Amino acid sequence: MRPLEKKQMHPLEVLIRTERMPHIFCPGCGIGTVLTSFVEALLESELDLDKVAVCSGIGCSSRVPGYLKLDGFHTTHGRSIAFATGLKLANPDLTVFIFAGDGDLVAIGGNHLIHAARRNIDMKVICINNFNYGMTGGQVGPTTPLKAKSTTSVYGNFEEPFNLVHLMWACGAVYVARWTSAHPHYIKRSILEALEKPGFCFIEVITPCPTNWGRRNKMRTGIDMTKFFLERTVIKLHPDPSEAQIEMGNPIVCGVFVDRERPDFISAMKEQVADKVKIYEFRGDGRVEIPQVPKKSVLTPSTKKKLKDIYKIKIAGLGGQGMGLLGLIIGRAATIFDGNEALYTQEYGPEARGGASSSAIIISEKKVDVPYFAKPDVLIIMAQAAFRKYKKLLHPGCILIINSDLVKAKDIPEGIKVYGIPASRMAEKLGRSIVANIVILGFFTAITDIISLEAAKEALKMSIPKGTEEFNLKAFEKGYEYGKGKKTNT
Ligand code: SF4
C-alpha cells in the first residue's frame, strides 16, 4: 500500500488525479458518486495498489480509469472484458476491475460479458447503468426500460430490456449486486465484498444521466433522478434475480442477489488440466502428439552456449509444413539444452492446413521480454506465398534460408545472404516428404550456429513421437551436412 503523503490534502486525493480536473461528467451525472465509492472501498481494502488495474471500454463511465492513480487501460468499444481477461490470465496476482457503461458492456461487448461470467474469470465488474448511450447523445440501449424515451425511441422504447442481474446469475457470476448512485455506502460495501470473492463479480449501479436520459423522461436534473431512485428503490435481503427487471413505474429492487461459491477459471484450469494437457502438431497426413517437456527436467545445460547477439528468427510457410514444430525445437534447443533464453510465438491463418502460417523466435543470453520484432536476423521460408508476404522483412545483414524446391527467391536486395536447400527432395529420398522441416532444422543449425549441434539433436529427440528418432535424426544429419558444405563454399 502506498503511504499517504503528510501534506494537507483531500482524503481521496491519494488515488484521484486532481491535475486532470475538471472532469468531463455533466452536472448531476452519477458516475462521480460511483467513482468516490470505488476509491473509498480501495483505500479501506488495504490492497497493494500497485497490483490493481482498472480497464474500461468506450463511453462516459469508461473515462473513470483516466482519473485514477492506478494502472488503467482505456480500451476499445466493448472490449474491456477481453482486455481484462488477458491481463488477469497473464498476471493472476493482479486485482482487475472493469468500469463500463450498459451499452459498452452489454451490447457491443455482450458476448465477452456472458463468457467471462460463465468461465468465472476473477474480475470485478462495475456496470454503470444509465439506461442509454449517454456519450453519443442518448440513443436507446439494451437496458432502456420499456416505454422510456430516448433520441432513437421518441415514442417510447418497445424493445424488452435486459435484466442484467438475472443475466449474470444465469451466466454463473459468483457475486451479483445492484444499487443506485443514491446508495454510495452500499456500493462501497459491495465492492469490498466482491474483493473477498474469487471469481466473476458484477455490481450494477443505476446512475442518473440527466443530460440525455433524464430530460427526455421528465427528470431534468440529477436531483430529480436521485429522488426518483430513492422513491422507487426497494432494498431486499437476498432478493431473487428474476425480480430485478426494471419497468417504468415499478419498484427498483436492489440488494445482493447472488453470493455463491464456484471455482474460478484459473483454479479450475490448474485443477483439471495442468498435468494432462497435450500438444499436437498438424503434419503430413494427420496430427502428431508432441511430447511435453518433463516437469522436473534433468536436462540442465552443462555448458551454456555463448551468443554474440540477440537473434530474431522468423519461420514462414503454409500450415501442415511443420513450421510450428521447427520453431518449437529451435526454442527448446536454445533454452533447455544451450541454457539461453527464448521467446516463441506462432501465427496462423483461419485454415488449419494450407493457410498462411508463421512463427517467430527470439533467442538471447538474457531474458526476452518483448515477443515481436520488425526485422529478423534469419528468415526461413518454406513456401512461395510466404516469400511474397515476408520478402519485405529482408534487410542488409539478414540471412535468408529457403526450401529451394518450393521457393524461387527473386529480386533479393543487396546485402542479404541467401542459402537454399532442396529440402523436399532430400526428405522424399529418405522416404517421407514431411521431414523437410527437420532437414531445414539441420541446415539452419549448420548455417547460423545460433543453437549448438548437440542441443538441436536433443531437442529434436524430445519433440517427436517415440520410435521415429532414428529416422528424424537421419533427416537432420542430411540437412546439417548440406549446410556445412554450403557454409564452407560461401
Ligand atoms: S451524458 Fe449522461 S452519463 Fe454522460 S456524463 Fe453526461 S450525464 Fe453522465
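This is a predicted model: local features need pLDDT of at least 70, side-chain atom pairs count only at pLDDT 80 or more; totals for chains, interfaces and linings use all residues.
User: With which residue does the side chain of Lys124 meet in a salt bridge?

Analyst: The idea is to look for a side-chain nitrogen of Lys or Arg within 4 Å of a carboxyl oxygen of Asp or Glu. Here the partner of Lys124 is Asp122, with 2.8 Å from N to O. Asp122 has a relative accessibility of 17%, so Asp122 too counts as buried.

User: Which other salt bridge does Asp122 form?

Analyst: Asp122 also pairs with Lys88, and the closest N and O atoms of that pair are 3.5 Å apart. This pair links distant parts of the chain: Lys88 belongs to helix α2 (residues 80-90), while Asp122 sits in the loop between α4 (110-119) and β4 (124-129), 34 residues apart. Lys88 and Asp122 are both buried.

User: How many salt bridges does the structure hold, and where may I see one with partly exposed partners?

Analyst: The structure holds 11 salt bridges. One of them joins the side chains of Lys236 and Glu243 at 2.4 Å, N to O. Lys236 counts as partly exposed because its relative accessibility is 34%; Glu243 is likewise partly exposed, with a relative accessible area of 32%. Salt bridges can also share partners, and in this way Lys88, Asp122 and Lys124 are joined into one network.

User: How does one read cysteines, and how many disulfides are counted?

Analyst: A disulfide is a covalent bond between the sulfur atoms of two cysteines. In this structure, the count comes to zero disulfides.

User: Which residues lie around the ligand, and cysteines among them?

Analyst: The residues around the ligand include Cys26, Cys29, Cys60 and Cys209. Phe25, Asn130, Gly134, Pro210, Thr211 and Asn212 are also found there. By class, this shell has six nonpolar residues, four polar residues and no charged ones.

User: How is a pocket found, and what is the volume of the largest pocket here?

Analyst: Rolling a probe the size of a water molecule over the atoms shows where empty space is left. The largest pocket in this model has a volume of about 290 Å³. Its lining comprises 16 residues, and those nearest its centre are Lys308, Tyr311, Thr448, Asp449 and Ile450.

User: Which elements each supply at least two residues of that lining, and how do the lining residues divide by class?

Analyst: Strand β18 (417-421) and helix α12 (436-448) each supply at least two residues. The lining divides into seven nonpolar, two polar and seven charged residues.

User: What is the phi of His238, and is His238 buried or exposed?

Analyst: His238 has a positive phi of about 45 degrees, although it is not a glycine. The residue lies in the loop between β9 (233-235) and β10 (252-259). Its relative accessibility is 59%, so His238 counts as exposed. Pro239 has its place in the loop between β9 and β10 as well, but Pro239 counts as buried because its relative accessibility is 4%.

User: Where is there a cis peptide bond?

Analyst: The angle to read is omega. The bond from Met21 to Pro22 is cis, with omega near 0 degrees. Pro22 is found in the segment before α1 (31-45).

User: Finally, how far apart in space are Pro239 and Gly255, and Glu40 and His185?

Analyst: One compares separation in sequence with the C-alpha to C-alpha distance. Pro239 and Gly255 are 16 residues apart in sequence and 6.7 Å apart in space. For Glu40 and His185 the values are 145 residues and 9.4 Å. Glu40 has its place in helix α1 and counts as partly exposed because its relative accessibility is 29%.

Methods: Residues are numbered from 1 along each chain as its sequence is written. Side-chain values use heavy atoms; hydrogens and water are left out. On a 1 Å grid over the protein atoms alone, a cavity is a set of points where a 1.4 Å probe fits but cannot get out, and a pocket is an open set with protein on both sides within 12 Å along at least five of seven lines; lining residues have an atom within 4 Å of a point. Grid points are joined across faces, edges and corners, and a volume is the space filled by probe spheres set on the points. Helices (H or I, at least four residues) and strands (E, at least two) are DSSP runs, numbered from the N terminus. Ala, Val, Leu, Ile, Met, Phe, Trp, Tyr, Cys and Pro count as nonpolar, Asp, Glu, Lys and Arg as charged, and the others, Gly among them, as polar. A disulfide is a pair of cysteine sulfur atoms within 2.5 Å. Buried means under 20% relative accessible area, exposed over 50%, partly exposed in between (1.4 Å probe, protein chains only). A residue is near a molecule or strand if one of its heavy atoms lies within 4 Å of it.
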